[in-house]
Amino acid sequence: SPGPIAALQPTAVLTPSAAVAHSPSLWVLDTNTLMSCLELLKALFAALLTRNVAGAAAAGSQQTHLAPSPIKLVIPFVVVSELDGLKLTRRKDDSGRQVASQARDANHWLLTAVQKQKRVPIDASGSNLPEQLWPLFLQTSSHYNRSKQSRSQGSRWTFDDPLSCDDQIVKYCAELKHQTHSSVFFCSDDINARTKAESESIDSLGMRELANSLRTGFAGVQSS
């Protein structure tokens, strides 16, 4: 099976007094969530990045410890591929143009967010945020290709099953749960896809729960 993903593994965050374990929950997004809730995700990403930068800066200056965010957003490779196809729709009606526009906006934001977390300074010397504290993770094409050739631990899927995009995302969630031992949430308003995730022992979150997490400061996140 694909090897463990270093950036998603639990890691130790240094504080003035000790090393503190950091194991954020992994929130895996589907394509519709990324397109239809982009403004919410922008706000969530900004909050996560601000908190992680502040925590890294405090640790580097030997100040009072500030815990990193308990959440990391995860984008499966198949979602990026879907966005690439949707931005060039063949439909000429208004709904087709709207979908294409949403896909382009999501693609643009992904690039901007990835660049920002890689380059944001955490101190006066210009040190960058460690990769383990990046709030957004994109599955690589190499990991995706290895995943397609593997069986998920304890999963019902086999090598030869033709998987839909939703099934590929749920399979990826199962792999993350096995490889990282972190809490994994599948974020979607697609009821059928969420049911598949729950049947694989993957907790799911709808947009109501995502929005509520912003109001509660990410404490006590529950699926329903």
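1. Val78, Val79 and Glu82 in helix H3 meet Cys165, Gln168 and Ile169 in helix H6, where contact means heavy atoms within 4.5 Å. By class, this contact of H3 with H6 has four nonpolar, one polar and one charged residues. Here Ala, Val, Leu, Ile, Met, Phe, Trp, Tyr, Cys and Pro count as nonpolar, Asp, Glu, Lys and Arg as charged, and the others, Gly among them, as polar.

2. The model is predicted: local features need pLDDT of at least 70, side-chain atom pairs count only at pLDDT 80 or more, and totals for chains, interfaces and linings use all residues. Residues are numbered from 1 along each chain as its sequence is written, and side-chain values use heavy atoms, with hydrogens and water left out.

3. H3 spans residues 77-86 and H6 residues 165-180; their axes come within 9 Å and cross at roughly 155°. The axes are lines fitted to C-alpha atoms, for helices over the stretch in contact, and angles run from 0 to 180 degrees between N-to-C directions. H3 and H6 are therefore roughly antiparallel (angles over 145 degrees; under 35 is roughly parallel, 65 to 115 roughly perpendicular, the rest oblique).

4. The chain has eight helices and seven strands.

5. The whole structure holds three aromatic pairs. Rings of Phe, Tyr and Trp (its six-membered ring) pair if their centres lie within 6.5 Å; planes under 30 degrees apart count as stacked, over 60 as edge-to-face and the rest as tilted. Trp27 lies in strand E3 and Phe185 in strand E6, so the pair ties together parts 158 residues apart in sequence. Trp27 counts as buried at 0% relative accessibility, and Phe185 at 9%.

6. Phe45 and Trp109 have ring centres 5.8 Å apart and planes at 90°, so this pair is also edge-to-face. Phe45 is in helix H2 and Trp109 in helix H4, so parts 64 residues apart in sequence are tied together. Both Phe45 and Trp109 are buried.

7. The largest nonpolar core has 52 residues, and Trp27, Leu34, Trp109 and Leu129 have the most contacts inside it. Such a core is a set of buried Ala, Val, Leu, Ile, Met, Phe, Trp, Tyr and Cys residues joined through side-chain atoms within 4.5 Å. H2 gives the largest share of this core, eight residues.

Notes. Helices (H or I, at least four residues) and strands (E, at least two) are DSSP runs, numbered from the N terminus. Buried means under 20% relative accessible area, exposed over 50%, partly exposed in between (1.4 Å probe, protein chains only).
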